[in-house]
Amino acid sequence: MNVLLDHLADFREGFIGTVLLTFASGLLAMVLGVIIAGFRVSPVPPLRMFGTAWVTLFRNTPLTLLFLVAWFVVPVVFVPGLSPWMKALLALSFYTSAFVCEAIRSGINTVPLGQAEAARSLGMSFSQTLRLIVLPQATRTVIPPLSSIFIALTKNSAIAGAFSVTELFGVQKMLSDQGFTITWIFLWVALGYLVITFSISGLFRLLERRLGVAR
Amino acid sequence: MTSSVLYDAPGPKARLRNRLYTVLGSLALAALLAFVVYRLDAKNQLDPDVWNIFNNAGVRANIRDGVLTTLKVFAVAGVLSLVLGLLLAVARLSERRPVRWFATGFIELFRAVPLLITIYALWVLFLTYKNDLGAVGDNTAFWGLVIGLTVYNGSVQAEIFRAGINAVPKGQVEAAYALGLRKYQVMTTLLLPQAVRSMLPTMISQLVVTLKDTSLGYVITYTELLFATRTMANNIIVNGENPFTAVTIVVGAIYIAMCLALSSVATWIERRGRRSKTGVAVAAAAEPAEQPGVLDAADRIPEQADGDADRPVK
């Protein structure tokens with residue numbers, strides 16, 4: 001029980017580490033995911049192929065392997081001297097971007113074709129159709145899956161702790177190495193994750209209610 | 001391409017433009033690929049010597065053993081998680097309140113906690129009580145990994161079962177009770193077969209997650225594919241350095257092949273299920289690798305089925 005009070009600073013640092021890593025890689029994953037989704041729905045075959053390859057590759061690779069790539073391949077072959085935090089950010093956001101891409105693509109696909117046809121028959125240009133008709137509807141469909149993806153990202157960020165990035169799992173590991181009772185550490189760390197995931201789902205639920213649309 | 005909501009069937013001008021983009025895109029991708037190959041070559045990762053290690057029988061045996069241990073963990077954890085999922089789903093739908101509460105608490109807790117943390121905690125627990133555990137005590141890392149995978153994926157599978165059971169039209173249950181069937185008869189002859197049938201693609205997709213997550217054994221030093229090959233690469237020196245890149249590329253290809261094989265089974269079953277006509281729709285298999293949200297996966301699975309990208313636009 002006292003393990004929380006005695007190591008409050010460690011727990012706080014771990015909690016903040018998890019939140020920061022999740023937020024930063026979530027942001028980067030969104031940007032990458034939107035670009036790749038754009039590739040996947042574009043009328044240009046090579047870009048579509050690239051998008052498909054990207055999604056297949058990252059969706060079917062274990063995240064642990066991506067972390068190993070970031071730690072042992074990227075520094076040797078591409079950019080030397082990345083900090084562990086940056087490497088974790090890269091691994092997490094590349095992995096998550098594949099899921100974001102799929103969510104956005106299926107969001108675009110759920111907009112009924114008739115909507116775009118009606119928009120065009122009203123004389124709207126491509127950009128108007130996209131901006132005023134398709135994207136607003138797609139965004140709303142995408143909110144629930146995105147919430148799942150970010151919750152999964154929060155949980156996945158635990159792997160970064162195993163690769164010596166400061167976050168909640170790292171705290172668990174450190175304290176159990178010091179010989180504290182694992183059960184209590186587990187419960188406190190679990191509580192930390194619960195707080196983060198509940199906030200994410202709460203936030204997205206709020207968004208869903210605000211933006212919800214009847215179709 | 002009239003099937004896309006984003007653009008019309010291209011006219012002559014648009015076709016010309018698309019062709020131009022195709023050429024430019026191909027060039028950009030080829031440049032990217034060339035850059036990767038150039039960097040690999042510049043760092044001596046494409047040397048014949050580096051790739052020659054895979055001609056070594058010992059190296060190949062190591063990789064094969066890694067694949068086998070990974071598959072062993074996957075098989076045990078996969079079966080156990082399905083059994084646990086079934087039990088939890090039935091418990092969660094129980095009429096006895098304590099049973100229902102226990103199942104709900106169990107599912108919510110283990111779904112919300114990162115799997116790595118559960119596995120690590122179990123591993124430390126098993127190590128601590130090594131001497132009191134009998135057979136399990138010799139194999140702490142294996143059981144830590146298997147039980148961790150089981151409780152996490154079992155909780156997710158429970159929600160998948162529950163979503164399937166909830167998808168069976170209520171009239172069927174009412175009819176069954178009206179015919180005088182008992183509760184367990186309704187469950188075993190009516191609800192579960194339909195739930196399993198409609199949810200099979202989603203369940204297999206979750207098994208893909210289980211397969212991928214076996215790689216977390218790396219962290220608790222269990223010698224699955226990733227750990228085995230890393231240790232091996234650590235002991236090999238080619239041209240003065242460890243062949244991490246080559247080994248990683250090969251291992252990555254193996255993982256991708258295994259996961260793709262499994263998810264293509266899911267897609268195949270989904271396609272078969274869609275052909276036959278029954279009251280309960282077959283869920284989509286297209287979301288193989290990401291866990292549903294912590295709070296309400298059961299409510300969401302039908303929605304995901306609607307949003308399935310591979311289906312024609314309505």
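Guide: Let us begin with a pair in a helix. Arg105(A) and Glu102(A) are three residues apart in helix α5 (residues 84-110) of chain A, so about one helical turn separates them. Please note that this is a predicted model.

Visitor: What makes the pairing of Arg105(A) with Glu102(A) a salt bridge?

Guide: The closest N and O atoms of Arg105(A) and Glu102(A) are 3.3 Å apart. The term requires a side-chain nitrogen of Lys or Arg within 4 Å of a carboxyl oxygen of Asp or Glu, so the pair qualifies. Both of these residues are buried. In general, side chains of opposite charge can pair when their charged atoms come close.

Visitor: How many salt bridges are there over all chains?

Guide: The count comes to seven. One of them joins Arg64(B) and Asp65(B), at 3.6 Å from N to O.

Visitor: Why is Asp65(B) called partly exposed?

Guide: Its relative accessibility is 39%. Buried means under 20% and exposed means over 50%, so Asp65(B) falls in between and counts as partly exposed.

Visitor: How do you know that Glu108(B) and Arg111(B) meet in a salt bridge?

Guide: Their N to O distance is 3.8 Å, and the limit is 4 Å, so the pair counts. Glu108(B) and Arg111(B) lie three residues apart in helix α4 (residues 97-112) of chain B, with about one helical turn between them. These two residues also belong to a network of salt bridges that links Arg92(B), Glu108(B), Arg111(B), Glu159(B) and Arg162(B).

Visitor: What makes Arg111(B) count as buried?

Guide: The relative accessibility of Arg111(B) is 2%.

Visitor: What secondary structure elements does chain A have?

Guide: Chain A has ten helices and zero strands. Of the 215 residues in chain A, 53% are buried. The C-alpha trace of chain A spans about 70 × 45 × 25 Å along its principal axes.

Visitor: Is Ser164(A) buried or exposed, and what is the reason?

Guide: Ser164(A) has a relative accessible area of 59%. Exposed means over 50%, so Ser164(A) is exposed. Ser164(A) lies in the loop between α8 (158-162) and α9 (168-177) of chain A, and has a positive phi of about 55 degrees although it is not a glycine.

Visitor: Why is Asn239(B) called partly exposed?

Guide: The relative accessible area of Asn239(B) is 46%. That value lies between the cut-offs of 20% and 50%, so Asn239(B) is partly exposed. Asn239(B) is found in the loop between α9 (225-235) and α10 (244-275) of chain B. Its phi is positive, about 50 degrees, although Asn239(B) is not a glycine.

Key. Residues are numbered from 1 along each chain as its sequence is written. Chains are lettered from A and ligands numbered from 1 in the order in which they are written. This is a predicted model: local features need pLDDT of at least 70, side-chain atom pairs count only at pLDDT 80 or more; totals for chains, interfaces and linings use all residues. Side-chain values use heavy atoms; hydrogens and water are left out. Helices (H or I, at least four residues) and strands (E, at least two) are DSSP runs, numbered from the N terminus. Buried means under 20% relative accessible area, exposed over 50%, partly exposed in between (1.4 Å probe, protein chains only).
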